[in-house]
Amino acid sequence: MGEEGTKGTVHLLCLAASSGVPLFCRSSRGGAPSRQQLPFSVIGSLNGVHMFGQNLEVQLNSARTEDTTVVWKSFHDSITLIVLSSEEGTSELRLERLLQMVFGAMVLLVGLEELTNIRNVERLKKELRASYRLIDSFLGDSELIGDLTQCVDCVVPPEGSLLQEALSGFAEAVGTAFISLVVSGRVVVATESWWRLGMPEAVLLPWLVGSLPPQAARDYPVYLPHGSPTVPHRLLTLTLLPDLELCLLCGPRPPLSQLDAQLLERWWQPLLEPLRGCLPLGPRALPAGFLLHTDILGLLLLHLELKRCLFTVEPSRDKEPSPEHRRRLLRSFYTLVTATHFPPEPGQPEEKAEEAVHRAQVARACYLVSGTEEPGTGWRLVALQLGPRRLLLLLSAQSPTYGLRGLATHTLHALTPLL
């Protein structure tokens, strides 16, 4: 299994489908933003071969060369997105979901009307600049994984019931039902209405907040790609502590000035210590008192029906590999098991008839040994699905292969009350 995201370049192209005019090009190298641009002739060729296929009623979705994977995707017959990746072990599933997230980010910040009815290309180019920061965060080495799993990155606060009660009271006081508490782009607690947001905005909104520079308060116009793609809403954010923000999704009211310091103090000052307890949860996801087996180096737990996930590579930080490497291993393993072993996730396209016949034979657990065959080297990866929950574990080389399923089952049962 390749280590997705290592020593490679990703180019993302956005073009007007009818004219082929480039709207923007974003690039990253080794997980960091890059100014390296593709020649215009290459851009024209990539778009041309896609349009040539469409004229012949052939849908070109992807292609591979010796060192590059290319994926094309058109949206509303108006926008064409193309991604080229030379990252080792990259997958088409990863790139397809990347393009879905990128288009969602464009709708979130510009609106669907501007993208499907392009009247002025130069004006649209300027408006799309507002989405660059968010799009670049998808191309980089993010600590989040919702872009790939299409589930909301969450954390488990140590005193969640207290925070949930305060959040509900605050929502009633300010007169909006859509509120969440977000730490470093991950949802701590949220109102029922917030959890009912559709995809992709449920993933995009906290990710957007996590990608923005620190600010005490914001009043940000956003469109909801699923729920309201043509009528903007207001995303209000209020910083309670560094990296810990209240997010409110609302209409014309309440004005930002109405959310004064006195109102915040009334609801949140008494909970200062529980709020401080949320700050380490960004990368850790799990409360400090939650014990994991010492062989676990990272985990990804998904609730496929609720579309929420817990993702951490913080356990046993003193062991190899590095957190960045752990994230790449788990992301790559997720794409492998999702594309080849486990049944389609809720909300995914319908199965083909011949695939449905074999549903009874679909795997519920699988494992992979990475590294050399010498004892005590490399890493173990195991995935297990029980009901709506799917657990992926990255384990140290000392973990015996025969015990992987038992360890995964025990860990999943321990985590089930949390998600």
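Reader: At what angle do the axes of helix α2 (residues 92–110) and helix α9 (residues 201–211) cross?

Author: Axes here are lines fitted to C-alpha atoms, for helices over the stretch in contact, with angles from 0 to 180 degrees between N-to-C directions. The axes of α2 and α9 cross at roughly 75° and come within 10 Å. That makes α2 roughly perpendicular to α9 (under 35 degrees is roughly parallel, over 145 roughly antiparallel, 65 to 115 roughly perpendicular, the rest oblique). One caveat: this is a predicted model, where local features need pLDDT of at least 70, side-chain atom pairs need 80 or more, and totals for chains, interfaces and linings use all residues. Numbering starts from 1 along each chain as its sequence is written, and side-chain values use heavy atoms, without hydrogens and water. Helices (H or I, at least four residues) and strands (E, at least two) are DSSP runs numbered from the N terminus.

Reader: Which residues make the contact between α2 and α9?

Author: Contact means heavy atoms within 4.5 Å. From α2 come Met 101, Gly 104, Ala 105, Leu 108 and Leu 109, and they meet Val 203, Leu 204, Leu 205 and Leu 208 of α9. By class, that gives eight nonpolar residues, one polar and no charged (nonpolar: Ala, Val, Leu, Ile, Met, Phe, Trp, Tyr, Cys, Pro; charged: Asp, Glu, Lys, Arg; polar: the others, Gly among them).

Reader: And at what angle does α5 (residues 132–139) pack with α9?

Author: About 100°, with the axes of α5 and α9 10 Å apart, so these two are roughly perpendicular to each other. Arg 133, Leu 134, Ser 137 and Phe 138 of α5 meet Leu 204, Trp 207, Leu 208 and Ser 211 of α9. The residues of this contact split into five nonpolar, two polar and one charged.

Reader: Which residues touch the most other members of the largest nonpolar core?

Author: A core is a set of buried Ala, Val, Leu, Ile, Met, Phe, Trp, Tyr and Cys residues joined through side-chain atoms within 4.5 Å. Of its 69 residues, Phe 24, Leu 81, Phe 103, Met 106, Leu 134, Phe 138 and Leu 205 do. Helix α2 supplies the largest share, twelve residues. Another core, of 29 residues, lies apart from it, with Ile 179 and Leu 248 among them.

Reader: Is Cys 151 buried or exposed?

Author: Buried means under 20% relative accessible area, exposed over 50%, partly exposed in between (1.4 Å probe, protein chains only). Cys 151 has 0% relative accessibility, so Cys 151 counts as buried. You'll find Cys 151 in the loop between α6 (146–149) and β7 (152–153). Not counting residues up to four places away in sequence, Cys 151 touches several residues, including Val 203, Leu 302 and Cys 309.
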